[in-house]
Amino acid sequence: MALEAAKIPRSMLDGHMAESIQIVEVAPRDGLQADPADLTTAQKIELVERLSAAGHTRIEAASFVSPAAVPKMADGDAVMAGVPRPDGVSYSALAFNTRGVERAVAAGADEVTGVVVASETFSQKNQNASIAESVERWRQVCEAAQAADLRTSVIIAAAFGCPFEGRVDPGVVVDLAEQLAEPGPVEVALADTIGVAVPTGVAALFASVADRLGTGGPQLRAHFHNTRNTALANIAAAIDGGVRTFDSSLGGVGGCPFAPRATGNVPTEDVVYMVEEMGFDAGLDLDALIATTGWLEEQLQHPTPGLVAKAGGWPGANA
Ligand code: ZN
């Protein structure tokens with residue numbers, strides 16, 4: 001009986017409704033974009049189907065940026081045309097300009113995500129634009145997406161560190177968050193694109209951004225890479241700071257093709273295990289996620305870095 005009780009999440013033992021944590025699944029885009037494998041459109045669609053079946057309600061499914069810059073994502077229109085469209089599942093697509101928004105609308109995306117990089121050198125390499133130009137492009141993207149009734153979110157990439165310039169001044173990120181919030185997106189996300197952040201820095205930066213944006217503004221969201229094995233600790237710190245929406249990638253696939261050695265998104269199943277045991281409800285089927293990680297490894301033809309898919313969930317009878 002002790003074992004049986006132990007594997008029941010604390011939230012259920014308390015007899016209270018668990019508070020929700022929302023996971024945005026980024027494997028089909030941020031994950032696959034940086035993986036050495038080239039999945040077919042049909043494999044990408046099946047991945048999205050499996051993620052949706054495991055309970056995901058927000059899936060980053062496509063990128064409508066220049067196909068020349070990101071050839072792996074060139075079939076975004078075809079992926080979007082083939083994915084299931086159950087009620088309650090929102091598909092997001094990256095767009096860096098109004099042409100990208102037009103493609104996202106035509107493809108039936110529910111949400112448009114912009115990206116602005118917090119360091120000048122990385123911005124030039126990733127976006128082929130200065131930070132100021134990217135802010136202006138984001139305003140146009142956000143307004144075009146709002147005009148089409150799409151949900152809008154913007155990611156501040158390299159918010160903690162830059163592969164070329166090193167540490168990023170938190171004051172720059174806070175100012176940037178304020179500028180990006182001006183057109184009224186639903187969310188502003190801080191991304192540790194190269195996986196250098198630690199919990200104290202995460203807590204401090206989210207607190208500063210929340211303070212600057214105030215109440216009634218965009219929700220905050222976090223995007224961590226596990227490059228230096230700090231992503232789960234950073235998520236716990238962000239949860240303590242009130243953040244309730246996190247990006248993660250099944251199996252931990254992905255990185256960023258423009259950031260040297262930025263391997264490994266935080267693995268979805270590792271995040272789900274942790275937050276559920278902390279008493280939150282992620283609304284996801286951990287067993288289905290673990291099974292899908294196995295399927296994904298077969299498609300990619302290489303192992304993935306997540307640990308919960310290897311260890312399994314809470315051990316014991318019927319676990
Ligand atoms: Zn990422």
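Colleague: Let's start with contacts at Gln22. Which residues does Gln22 touch, not counting residues up to four places away in sequence?

Modeller: A contact means heavy atoms within 4.5 Å. Leaving out residues up to four places away in sequence, Gln22 touches Thr57, Arg58, Glu187, Arg244, Thr245 and Phe246. Before we go on, this is a predicted model, in which local features need pLDDT of at least 70 and side-chain atom pairs count only at pLDDT 80 or more, while totals for chains, interfaces and linings use all residues. Residues are numbered from 1 along each chain as its sequence is written, and side-chain values use heavy atoms, with hydrogens and water left out.

Colleague: Where does Gln22 lie, and is it buried, exposed or partly exposed?

Modeller: Strands (E, at least two residues) and helices (H or I, at least four) are DSSP runs, numbered from the N terminus. Gln22 belongs to strand β1, residues 22–25. Burial goes by relative accessible area: buried is under 20%, exposed over 50%, partly exposed in between (1.4 Å probe, protein chains only). Gln22, at 29%, counts as partly exposed. Its C-alpha lies 9.6 Å from that of Phe280, although 258 residues separate Gln22 and Phe280 in sequence.

Colleague: How much confidence does the predictor have in the chain?

Modeller: pLDDT is the predictor's confidence in each residue, from 0 to 100. Here the chain has a mean pLDDT of 92, with 91% of its residues at 70 or more. Residues 1–7 have pLDDT below 50, and this stretch makes 9 contacts in the model beyond near neighbours in sequence.

Colleague: Now the metal. Which residues are the protein donors of the zinc ion?

Modeller: Donors are N, O and S atoms within 2.8 Å of the metal (3.2 Å for Na, K and Ca); water is not among the atoms, so sites may look incomplete. In this model the protein donors of the zinc ion are Asp30 through OD, His223 through NE2 and His225 through NE2, lying 2.0 Å from the ion. Along the chain they follow the spacing D-x192-H-x1-H. Asp30 sits in helix α3 (residues 27–33) and His223 in strand β9 (residues 219–224), so this pair ties together parts 193 residues apart in sequence. Both Asp30 and His223 are buried.

Colleague: How many cavities of 30 Å³ or more does a search of the whole structure find?

Modeller: A cavity is a set of points, on a 1 Å grid over the protein atoms alone, where a 1.4 Å probe fits but cannot get out; lining residues have an atom within 4 Å of a point. Points are joined across faces, edges and corners, and volume is the space filled by probe spheres set on them. The search finds 1 cavity of 30 Å³ or more, and about 70 Å³ of space lies in the largest cavity. Its lining includes Phe96, Val115, Gln127, Arg137 and Trp138. The elements giving two or more residues to this lining are β4 (111–117) and α8 (131–147), and α8 gives the most, with 4.

Colleague: How does that lining divide into nonpolar, polar and charged residues?

Modeller: Ala, Val, Leu, Ile, Met, Phe, Trp, Tyr, Cys and Pro count as nonpolar, Asp, Glu, Lys and Arg as charged, and the others, Gly among them, as polar. The lining has 7 nonpolar residues, 3 polar and 1 charged.

Colleague: Last, the backbone. Where do Asn128 and Asp149 lie?

Modeller: Asn128 lies in the loop between α7 (120–127) and α8, and has a positive phi of about 55 degrees although it is not a glycine. Asn128 counts as exposed at 62% relative accessibility. Asp149 lies in the loop between α8 and β5 (151–157). The phi of Asp149, also not a glycine, is positive, near 65 degrees, and Asp149 is exposed, with a relative accessible area of 71%.

Technical notes. 1 Å grid on protein atoms, 1.4 Å probe; cavity = no way out; pocket = protein on both sides within 12 Å on 5 of 7 lines; lining within 4 Å.
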